[in-house]
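Subject: Structure handover and notes

Dear colleague,

I am passing on the structure that we discussed, with the sequence alongside. Please have it open while you read, as the notes below go through it piece by piece.

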Amino acid sequence: MPRWSRNLQRWTAWVAFASSLCWRAGLAVQHIADPDTYLEQTQSLATVDHPRFLQQLALLNQEAARLTSDQLWRLRYSNAWEAMYENDYPKSEALFQDIIRHAGNRALADKASATLLSQLMLTRHYPEAFELADRLAARLPKVADAEVRRSMLLNLSQSLALAGQIDLAVQYARVALTEAASGKSSCYSAASLVAGLSLGHRLKLDSPELQQAIQACTAAKVPVFSTDLQLTVVDLYRLAGQPHKALALLDRIAPSVEADGYAANKLEALVLRAQALAAIGDDDAARKAAQAVVAMQKTGDWPRDAYEVLYRIEKKQGHTAAALDYYEKYVALDKAYLDDVNVRTVAYETVQQHVLLQKLETESLSRQNALLRMRQTLDAKTAETNRLYLALLLMALVSAALWMFRLKRSQLRFKKLSHLDGLTAIFNRQHFMSEVERTLRLLERRAGTACLVFIDLDHFKHINDTYGHAVGDDVLRQVVVASKQHLRPVDLFGRLGGEEFGILLVECTRTQSMVIADRIRLAIEETRVEDDGVVVGVSASAGLSFTDACGHDLQCLCKEADAALYRAKRGGRNRVVAGAEYGCPVEA
Ligand SMILES: Nc1nc2c(ncn2[C@@H]2O[C@H](COP(=O)(O)OP(=O)(O)OP(=O)(O)O)[C@@H](O)[C@H]2O)c(=O)[nH]1
């Protein structure tokens, strides 16, 4: 079994370690003159000089009142890191979450997210870890800070490798390696790449990635990582069935393992030694090494592999009871390991399904929104079209009403014109007669009186013949104007034809009618029309008939008025003659 796959705790521990080492170590600062520098310098001491880190952190917490809001958030990050270091995971998680949600400092929130991811993996909170990994992966393209990016890339690589996503894990590690700016960061990134390849069973003794990582970590003087990579080589010898080479290398790096004082490497070296010794048949030495491992740690992957070595040795030597005891212990720890692998895989798959579902829901929601927006646009367009139709309808209605109004007006005008004489604009014969008839009917009902007057211009032919037809027309118009001046609105006035006119004087006695008719005659006589300096005059004869003689019979009235007119002409013209009173015409 490759060492990376059996050793989650070991890997997560050094990823966190690598993340913390990213912070530049500087000179010691004894007092807080510049809080920004002091904060940065304190965090850089976290792994290189932990007691001093604690001392400075305490001072910073004492002086918290002097810090700005942003400095307080950075102090909170150091407090969270310390809580994580002390295995107070609930406290560190609460602090990291608070920074992620409320710090308002994007770079600090990203840094906290990356560190929290490493903690969630370490504490086996896989669903939360993979959800956070998903968010970090989405956030990664927007992260500009090189150190925060590397921390995110390393943690993503680790968590994805442990979820069985080797391709992605290797890809993230390669990106981190490409972006590595310093010797140390090259070492961490190259080591991460080796870890990913090893977990995916893709690492060989001659893999260039392994040589590159060893060189990078040796050059950068990161002994813990150099030793760790040498242990990887030992493991590859073991897997390749070369236990002697494995033991030789273990002997060579033993001083470094001791000098580093890194417990995980010590345990790893012991397990590998036990396995190699067992492989060459040195059971006693193998037993001793394996027992040293279980003495140091009771649970986890190292004791599991140690128990396996012990079980095989006891079995080989026929110590059935001891073999069974070790076997049970080995199986229990192996089951725990396999369970953990399953939990990781299921957690990763569940998170991916959840993310997919969320994406689908978001897509479906955005589709619904688009549909809603289209519907709203359509509704707005329909409303606009309806308004347009309404406006058009209104315009059509107004136009129709206007057209009808004009039609009616012109109809009325035509009707009025059809009632009038074209030359003089008084009633024409037909309308005059019908109006006289209607008025007589009204008068008859209330026993009113009326006088019908027929007027005929004298020798009008002579005027036409002498001065022309146009002068004759002028004379006709002037005669009408002069006559109208002696009529009331209630009286009816019409042109009966040629130079002949009719008047109905309403509610007039015989005497009053005679007076009015004579005034009209005089007015006509006084009418003058000028033509090229020549003054043209005219006279008229009139015949009257009365309702007191004819009753309200139009025919009788016409006949009597006509007869009276005839008599006026015969009598010498330019005069008014009344119709018979009981048949006797009276001459005015
Ligand atoms: N200028 C003009 N002349 C008209 C019009 N209508 C009829 N006349 C003329 O009026 C004249 C009427 O002539 P007559 O019927 O002989 O009557 P008169 O000449 O007036 O003679 P007495 O009625 O007997 O006095 C004719 O010459 C017609 O041509 C018109 O609208 N305009």
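Two residues are taken to be in contact if their C-beta atoms, placed from the backbone, lie within 7 Å. A residue is called buried if 20 or more other C-beta atoms, likewise placed from the backbone, lie within 10 Å of its own, exposed if 12 or fewer do, and partly exposed in between. Helices (H or I, at least four residues) and strands (E, at least two) are DSSP runs, numbered from the N terminus.

Please bear in mind that this is a predicted model, in which local features need pLDDT of at least 70 and side-chain atom pairs count only at pLDDT 80 or more, while totals for chains, interfaces and linings use all residues. Residues are numbered from 1 along each chain as its sequence is written.

The protein chain has 588 residues, of which 39% count as buried, and it holds 23 helices and eight strands. Among its contacts between residues at least 6 apart in sequence, 59% join residues at least 24 apart.

The unreviewed UniProt entry places a transmembrane region at residues 388–407; such positions are given in the numbering used here, with shortened feature names, and annotations may be inferred rather than shown by experiment. In the model, this stretch is 100% helix and 0% strand, with its end C-alpha atoms 28 Å apart.

Helix α18 (residues 429–446) has 18 residues and reaches 26 Å from its first C-alpha to its last, close to the expected 26 Å, where the expected span is 1.5 Å times one less than the number of residues. Its buried residues are F432, V436 and L440, and because they cover an arc of only 70 degrees around the axis, they sit on the same side of α18; the arc is that of the directions from the helix axis to the C-beta atoms. In general, an α-helix has 3.6 residues a turn, so residues three or four places apart point the same way. The buried residues of α18 pack against β1, β2 (492–497), β3 and α23, whereas the face turned away from them carries the exposed residues Q430, R438, R441, L442 and R445. Just after α18, A447 takes a positive phi of about 60 degrees.

Helix α21 has buried residues S513, M514, I516, A517, I520, R521 and I524, which fall within an arc of 165 degrees and so line one face of the helix. They pack against β1, α20, β3, β6 (540–546) and β7. V576 lies in strand β7 and counts as buried, with 27 C-beta neighbours inside 10 Å; V576 and I520 are 56 residues apart in sequence and 9.7 Å apart in space, C-alpha to C-alpha.

Two loop residues also deserve a look. E507, between β3 (500–506) and α21 (510–525), has a positive phi of about 55 degrees although it is not a glycine. R573, in the loop between α23 (554–570) and β7 (576–578), is not a glycine either and has a positive phi of about 70 degrees.

Finally, the ligand: of the 17 residues around it, D458, F460, K461, G472 and G498 come nearest, a residue being counted as near if its C-beta atom, placed from the backbone, lies within 6 Å. The elements giving two or more residues to this shell are β1 (450–457), α19 (460–467) and α20 (469–484).

Best regards
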